[in-house]
Amino acid sequence: MNMRQMPALETRNLNLHYGTNHALKNISLGISENFVVALIGPSGCGKSTYLRLFNRMNDMIDGVKIDGDVLFNGKDIYKSNLRVEHVRKKIGMVFQKPNPFPKTIFENVAYGLKVNGVSNKKFIEETVEKSLKQAALWEEVKDTLKKSALALSGGQQQRLCIARALAVEPSVLLMDEPASALDPLSSSKIEELIYELKKKYTILIVTHNMQQAARVSDKTAFFYLGQLIEYDDTKQIFINPKEERTQNYITGRFG
Amino acid sequence: MNGSSTLLPVSETTEKNRSPFSFSREAYVVTREKVVHAILMLCALVSVFTTLGIILVLLFQTIEFFKEVPIINFLTDTQWTPLFQDKHFGIMPLLSGTLLTSLIALSVSVPLGLIIAIYLSEYAPSFLRKLLKPFLEVLAGIPTIVYGYFALITVTPLLQNIFPSLSGFNALSPGIVMGIMILPLVTSLSEDALRMVPKGLREGGYALGASKLQVSLSIVFPSAFSGIVASVILAFSRAIGETMIVAIAAGQLPNLTANPLQPVATMTSYIVQVSQGDTPYGTLAYNTIFAVAITLFIFTFLLNIISFRLRKKYFSMGGD
């Protein structure tokens, strides 16, 4: 645990309000590069809201007020002159429900490149192939790239969404319960994928599945009622948590 | 169990000390439900019978018409002069007039309507949307006769400044005004279609670094496409059936032309002309309006079916 190094993502004294609802309370947390951090906690505790801070997805909700610092490689993504599109390109996101665009498989993966101004056909083709391979989907779709993405199964769609996010070469991946809408087999494929991806990316993952959190993450943050209760190495959190509330949640006594 | 004569007293006496499982109370409720059901069904059937009645009347009179005029003349003759000495019964001039005015209307309402719809659904803050929508819907509430005079007295003279060769009655002016009239239809149905696009798709676009315009045009718009096409077709059908505006401002002159600066007659305005004139009932000239009406009916009916199909397809896949 080398804390000298600048964290890839960090929040300091972060507070977020939805209107009068104080959804995140004074959260300070740093995430080192190439770590997988799991955010756990009961529904409505603010972990998805926290995740969405980092690619400014909360901006689209009316009445959101954010105080404190949200840093990406040391730069505040809200206060500095970083363009929101640039932040989102560097910090990719995979959603709970697979959300492929109603376009072909190829167009889905190429979309992020095209909106970011890439027009070199050869480069786009190579990137699409590379991204689909990284997302462990290439073998299944290489002959049907021109077909609609909506024809894929749920698990394939989710891997397509991961490939789509990887194509714009982010350094961070935010994953909001990426396997919760999938069957166990597809879910375990996504987990294997996260295991592969953590070699290259910093990953922040929200999950309700304790085994999943324990299996894939290096560190775990437990959120409860908008507060960060405990943040430590995953082993520590699951074997010997400092807080009783963490213990109770992990062992299923509430939440 | 079904003593209907005892219903009233029973319901009165049981009001005070009724048990929920009182036998006669139950009979009363069952009968009442049946009566209500029957009344409601009769009301619903009125619309079915009305439609059937209209189709039958149209059909019988049209058959009378085609006993005297071969259908091939009706479809291929290029003149429509049933009220003159030299009678011709070609539907084409009326069809061209109808399509010309309708297409002008669409060329106004589709681009403008879609831009407004995208603005309202993707860009406008909610307070502005709540303010703007009622204004748009007022457009739909203006009587078409007012639109007609607006076309004739205001829009035509304005256009004559631009096109000096524009005749006092023409296809262009009522076409444009009709476009304004169907604007709320295009806008509101397209906006519905755009707003039905799941939020997750928009977020997926934003998460890849797309701008608002890119998300609106390359994700939301294509996803709502079938719903938008349905709204355009419905607006087309509405324009084809529109009567008052074209009857007042287009000139009622059956004229096989694609020139919007000339006067034309549409199917609807011809029907107005005959049914208000002194054409005797039962004559061939009189029966022409039924042949025209059924042509009009077939057009709007087909367009409505296509629109309905597309909307159904859209809603079955768009729901989140």
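The structure is a predicted model, and the predictor assigns the complex an ipTM of 0.92 together with a pTM of 0.82. Chain A and chain B meet in a contact that draws 19 residues from chain A and 14 residues from chain B. Chain A also holds an open sheet of 6 strands with mixed pairing.

**Confidence in chain B**

- The mean pLDDT of chain B is 89, and 91% of the residues score at least 70.
- Among the elements of chain B, helix α4 (residues 92–123) has the highest mean pLDDT, at 96, whereas helix α1 (residues 7–17) has the lowest, at 49.
- Residues 1–8 of chain B stay under 50 in pLDDT, and the model gives this stretch 6 contacts beyond four places in sequence.
- Residues 10–14 of chain B likewise have a pLDDT below 50, and the model shows 6 contacts for this stretch beyond near neighbours in sequence.

**The side of chain B that touches chain A**

- Two helices of chain B, α8 (199–207) and α9 (212–223), each supply at least two residues of the side that touches chain A.
- Of the elements on this side, α8(B) gives the most, with 6 residues.
- By residue class, the side of chain B that touches chain A comprises 7 nonpolar, 6 polar and 1 charged.

**The sheet in chain A**

- The strands of the open sheet in chain A follow the order β6-β7-β8-β3-β9-β10, and its edges are formed by β6 (91–94) and β10 (227–233), each of which pairs on one side only.
- On average, and with direction ignored, neighbouring strands of this sheet are turned by 15° against each other.
- Within the sheet, strand β7 (residues 172–176) of chain A pairs with strand β8 (residues 202–206) of chain A in the parallel sense, over 5 bridges.
- In β8(A), the residue that stands opposite Asp176(A) is Val206(A).

**Thr154 in chain B**

- Thr154(B) lies in helix α6 (residues 144–162) of chain B.
- Thr154(B) counts as exposed because 12 other C-beta atoms lie within 10 Å, where the cut-off for an exposed residue is 12 or fewer.
- Leu106(B) is 48 residues away from Thr154(B) along the chain, and the C-alpha atoms of these two residues are separated by 20 Å.

Key. Residues numbered from 1 in each chain as written. Chains lettered and ligands numbered in written order. Predicted model: local features only at pLDDT ≥ 70, side-chain atom pairs only at ≥ 80, totals over all residues. Contact = placed C-beta atoms within 7 Å. Helix = DSSP H or I, 4+ residues; strand = E, 2+ residues; numbered from the N terminus. Nonpolar A, V, L, I, M, F, W, Y, C, P; charged D, E, K, R; others polar. Pairing = 2+ DSSP bridges. Axes fitted to C-alpha atoms, helices over the stretch in contact; angles between N-to-C directions. pLDDT = per-residue confidence, 0-100. Buried ≥ 20, exposed ≤ 12 C-beta atoms within 10 Å, placed from the backbone.
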